Amino acid sequence: DELIVPPTHDVVAGLDFDLIISSHIKDGELIENFSDAKVDALKYYFGTAECDVFFTDHHDDIPMSRLAKKTYLVNPSSRTKTAMEREGISYLLLDE
């Protein structure tokens with residue numbers, strides 16, 4: 001359960017999510033979750049490796065982006081955009 005962020009977390013307050021799997025702070029400690037660990041968490045909690053929508057800001061999340069029907073890059077670096085494109089992953093850009 002350390003990889004779960006309650007949907008009431010202030011980062012997603014007001015949005016309609018049942019469950020969020022992400023890195024976060026728990027009891028003052030950083031619980032990191034990226035790359036293949038996110039895929040494993042998805043399989044563990046949902047019993048599947050299918051994902052409708054995925055939000056990320058980093059190329060470390062390419063494994064999840066491969067599984068997502070739709071990937072959103074949030075303020076990504078040029079390195080992240082290049083990595084996604086090199087992997088053939090289409091994405092929508094959410095930029096400030």
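This is a predicted model: local features need pLDDT of at least 70, side-chain atom pairs count only at pLDDT 80 or more; totals for chains, interfaces and linings use all residues.
**Entry 1, strands.** I looked up how β5 (residues 51-56) and β6 (residues 68-74) pair. The sense is parallel, over 5 bridges. For T56 I noted the bridge partner in β6, which is L73. I then followed the chain from β5 to β6: the path runs through helix α2 (residues 62-67), and this β-α-β crossover is right-handed.

Which residues make up the largest nonpolar core? I listed V39, L42, C51, F54, M64 and A68, 6 residues in all. Helix α1 (36-46) and strand β5 each supply at least two residues of this core. I checked V39 for contacts, leaving aside neighbours within four places in sequence, and found P63, M64 and L67.

I placed H59 in the loop between β5 and α2. Is H59 buried or exposed? Its relative accessible area is 17%, and the cut-off for buried is under 20%, so H59 counts as buried. Not counting residues up to four places away in sequence, H59 touches R79, T80 and A83.

**Entry 4, helix α3.** I went on to α3 (residues 78-86), where the buried residues are T80, A83 and M84. They sit on the same side of α3, because they cover an arc of only 100° around the axis. Residues three or four places apart on an α-helix point the same way, because there are 3.6 residues a turn. S78 and R86 are exposed on the other side of α3. I looked up what covers the buried residues of α3 and noted β5, α2 and β6 among the elements. G88 follows α3 and has a positive phi, near 75°.

I counted 2 aromatic pairs. The ring centres of Y44 and Y45 are 4.8 Å apart and the planes stand at 90°, so I recorded this pair as edge-to-face. Y44 is exposed at 65% relative accessible area, while Y45 is partly exposed at 25%. F55 and Y72 form a stacked pair, with 4.8 Å centre to centre and 10° between the planes. Because F55 lies in β5 and Y72 in β6, this pair ties together parts 17 residues apart in sequence. For accessibility I noted F55 as partly exposed, at 39%, and Y72 as buried, at 17%.

Conventions: Residues are numbered from 1 along each chain as its sequence is written. Side-chain values use heavy atoms; hydrogens and water are left out. Two strands pair if DSSP finds at least two bridges between them. A crossover is right-handed if, with the strands pointing away from the viewer, the path from the first strand over the helix to the second runs clockwise. A nonpolar core is a set of buried Ala, Val, Leu, Ile, Met, Phe, Trp, Tyr and Cys residues joined through side-chain atoms within 4.5 Å. Buried means under 20% relative accessible area, exposed over 50%, partly exposed in between (1.4 Å probe, protein chains only). Contact means heavy atoms within 4.5 Å. The arc is that of the directions from the helix axis to the C-beta atoms. Rings of Phe, Tyr and Trp (its six-membered ring) pair if their centres lie within 6.5 Å; planes under 30 degrees apart count as stacked, over 60 as edge-to-face and the rest as tilted.
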